[in-house]
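Student: I would like to take a close look at a single part of this structure. Please treat the sheet and the loops that accompany it in one connected account.

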Amino acid sequence: QVQLVESGGGLVQAGGSLRLSCVASGRTFSLYAMGWFRQAPGKEREFVAAISGTGTTTYYADSVKGRFTISRDNAKNTVSLQMNSLKPADMAVYYCNTLTRWGAKEAGSSYWGKGTKVPVPS
C-alpha cells in the first residue's frame, strides 16, 4: 500500500502563495498519475489538480485554473502544488492521491494521508 505524507500547509493571507508537497512511498511512483484534492469544513472532498506519471500533462478544477500549478519529481517520489493568489474559498485540508484513471476527478485509492491544512482568513 502506498503511503502518502502531505506537508507545506499553514496560515496565509488572501492573495498570498503557498507550496504543498506530497511524498509517496513505493518504487512504482512514476507509473501513477497523481492528484491533489481538498476538503473544506462541512463540504465533500473535491478534486483540485492532476498530473500524469511522466509529469508532462496536467489538468485542473476550474476554480483553481490559472492560480495553481501541479508538478512532480519522480526521483524524489514527490508531487507538489504551487498555490498563488489564494482566496478564502481555497481554505481546506489538502490531500494527494492517485486517480482512478487519467482524466478522472476521483481518487484511485481509499487510503488517504493526514492531509495538510491551509487556512485562508477572509
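In what order do the 5 strands of the open sheet stand, and is the pairing parallel or antiparallel?

Tutor: The model is a predicted one, in which local features need pLDDT of at least 70 and side-chain atom pairs count only at pLDDT 80 or more, while totals for chains, interfaces and linings use all residues. Residues are numbered from 1 along each chain as its sequence is written, and side-chain values use heavy atoms, with hydrogens and water left out.

The open sheet has the order E5-E4-E3-E8-E9, with antiparallel pairing. Strands here are DSSP runs (E, at least two residues) numbered from the N terminus, and two of them pair if DSSP finds at least two bridges between them. At the edges stand E5 (58-60) and E9 (116-118); each has a single partner strand, so one side of each is left without a neighbour in the sheet. From one strand to the next the twist averages 25°, taken between axes that are lines fitted to C-alpha atoms, with angles running from 0 to 180 degrees between N-to-C directions.

Within this sheet, E3 (residues 34-39) and E8 (residues 92-98) run antiparallel and are joined by 6 bridges. Met34 stands opposite Thr98 in E8.

Turning to the loops, Ser85 lies between E7 and E8. Ser85 is not a glycine, yet its phi is positive, at about 50°. Its relative accessible area of 40% makes Ser85 partly exposed (between the limits for buried, under 20%, and exposed, over 50%, with a 1.4 Å probe and protein chains only). Asn77, in the loop between E6 (68-73) and E7 (78-83), also has a positive phi of about 50° without being a glycine. Asn77 counts as buried because its relative accessibility is 17%.

Key. Helices (H or I, at least four residues) and strands (E, at least two) are DSSP runs, numbered from the N terminus.
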